[in-house]
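Let's take a walk through a protein model together.

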Amino acid sequence: MCGIVGIYLKSKKFEKSLGGMLSKMLISMESRGPDSAGFAIYNKNKNKTYKYSICLNEMSFERFKKEIKEKINFTKLEKNSDHVILKSTLKPSKILPILEDFKGISLVGYGKSIEIFKQVGKPSNVVKKFDLNKFSGSHAIGHTRMATESAITTDGSHPYSTGEDECLVHNGSLSNHNNLRRKLKKNGSKFNSDNDTEVAAGYISDSLKDRNLKQTLKKGLSDLDGFYTFIAGTHSGFAVLRDEIACKPAVIAETKDYVAISSEFQAMAHLPNVNSAKIFEPEPGVVYSWGE
Amino acid sequence: MLLDLKKLNLRSVNEKLQNIDRKKNKRDFVISNPEGNHAVCAGLTDNIDVIIKGHVGYYCAGMNQNANITVEGNVGTGVAENMMSGKVHVKGNASQSAGATAHGGTLIIDGDTSSRCGISMKGIDIIVKGSVGHMSAFMAQSGNLVVFGDAGEALGDSLYETNIYVKGKVKSLGADCEEKKMNKQHKIKLKELLKKAGSNIKPEQFKRYGSARKLYNFNIDNVSNY
C-alpha cells in the first residue's frame, strides 16, 4: 500500500493555498498509509540562506538551541512541533558535518527552498501537528506510509532527502536495494536507515550530479528493480515515474494552474477545478516531468 | 431519485440501491458528487438505471447483476469486476483491470483503459472505444473484448477461449495468443457488439485474436471425451 501525493504549481494563483491543498490530499490517503506521514514543501528563498530541516526526536528545543548555538552560527531557528528549521548563510559543507555528528537529532533534509516534516502516526495527526495548512510554496510532495520492509520510525518515514533540495516519495518496494546501497556507499553516499526508498533517493542524488531529473529517472528504469511509483522533487523540478509492470497506482490531474498526482483520484477530488482538469494515468516506464 | 454523496454516506447509498422496494417501482437513480469513492454501486441486483455524475474510485459496479449503470466520468481499478449481468457504461477512461473476472453483461468504455483490461474475463462483453494497456485479456476464458484503438504489450497472454477484436495496432501478443481468421459467425457477433455500443464501424476493419491452444493442459480436440 502507501499513498503518495504531489502538487506542482504552474502559476502563482494557488501558492498561498499549497499547504491546504496538500493537507487534504494527505488526509484522504490515510487508509493507504496509517503508520506515518510526511511532506516536503518548496518555497523559493530570495537570499542565499540555507534551510536545514531537523527532527529533534526526544530532545527538547531548549537543549538543542543551547547546544547548537555553541557549534553553528545560524541566523534563525524556527520550531515546528518536534521539528526545527535552522536557517544559516553558511555553506552545507560546513554545516552538514556538524549536524550529522550531533547526537539525538535527525537531519531530514536541507536546501535553499525545501522544508521537510515527517513523523510516525496517522496522517491526519501529522498534518495537524505541523500545521501544514499554513504553508505556501511552489511545489510539494507528501506520503502516507503502510510499513512493510523496515520499522515504523521517523527515519523510516518518507519523503527521503539525500541531496540539496531533493526529495523522493515511493509507493512500492525495491528488490535490489541492498546491492545498490553497497555500491552507492562506495561512492560516498550516506544512509540513515535500512529503508529501500532511501536507497532510491541516494541513487537519484548520485545520478543528478551528471544528469537532470528526467534523465536520472529514465536511467533508474534499468537500475532500480522492483515495484514503484515515484514522485521526485528538486529545487525547481517535479517528476513522476512508474515501473514497467505498473502495479502501483497513480493518477495525474493537470489544469492550467497546477499538476497534481496521487495514488487515488479521491485524494484530488477537492482540488479547485479538478472536474475540468485533464485526468490521466501515467503510462508505465514513462518519465513525466515539469519545471527544471 | 437524486442521491448526493456529499450529504449521504456511501454505505447507505449502496444499501438503498441493493435493496430496491419492488412494489414502488422506482427505477431511476442519479448519484452526484462521487468524488473518487470506492465501490460505488457495488453488488446491485435489480434491473434499475443509475447514473453516476463524476469520477469514481475502485471496483465501481463490482459484482453487478441486472443493473444498468452509467458513469459520467473516469473510473478507478476494477470497474464492473466480477459482473454477472446488466450493463456498465463509462463515459471517461478506466484504470487497470476493467471487467476483471466478469461472467456476463456488457461493459462499454468510451475512453481508454490502462493495463489488464478483461483480465481472467469469463463471459463478459467488453467494448473499449479507445485503447487498452498492457497485459489486456490476460488468461481470459470466455466472452469478447473489442478495442477500437490500440492494444499494449502482451495482449491475450495465456488466453483461453475469449475472442479479441482490435481495430488499431497491437504492440505485441502474449504467450499462446495469435491472430485468427474472421469467419462469418465472428462478423455477425462483432456487428451485434458494435451495435450495442452504438457504433457503425464495419466488422471488417477489425482483426481477431484468440488462443493458439498450445498451452492448454488438456487437448481441446478431445474435449468431447472428457
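**Strands side by side**

Start in chain B, where B:Val50 stands opposite B:Ile69 in strand β4(B). Strands here are DSSP runs of E with at least two residues, helices are runs of H or I with at least four, and both are numbered from the N terminus. This is a predicted model, in which local features need pLDDT of at least 70 and side-chain atom pairs count only at pLDDT 80 or more, while totals for chains, interfaces and linings use all residues. Residues are numbered from 1 along each chain as its sequence is written, and chains are lettered from A and ligands numbered from 1 in the order in which they are written.

The strand β3(B) is joined to β4 (residues 68-71) of chain B by 4 bridges, and the two run parallel. Strand β2 (residues 28-32) of chain B also runs parallel to β3 (residues 49-53) of chain B, with 5 bridges between them; here B:Val30 has B:Ile51 as its bridge partner. Two strands count as paired if DSSP finds at least two bridges between them.

Now zoom out: chain B has an open sheet of 11 strands with mixed pairing, in the order β1-β2-β3-β4-β5-β6-β7-β8-β9-β11-β10. At its edges stand β1 (2-4) and β10 (177-180) of chain B, each with a single partner strand, so one side of each has no neighbour in the sheet.

**Over to chain A**

In helix α7 (residues 213-223) of chain A, the buried residues are A:Leu213, A:Thr216 and A:Leu217. They cover an arc of only 95° around the axis (taken from the directions from the helix axis to the C-beta atoms), so they lie on the same side of α7(A). Among the elements that cover these buried residues is β11 of chain A.

That strand, β11 (residues 237-242) of chain A, holds A:Phe238. Why does A:Phe238 count as buried? Because A:Phe238 has 25 C-beta neighbours inside 10 Å.

Methods: A residue is buried if 20 or more other C-beta atoms lie within 10 Å of its own, exposed if 12 or fewer, and partly exposed in between; C-beta atoms are placed from the backbone. Two residues are in contact if their C-beta atoms, placed from the backbone, lie within 7 Å.
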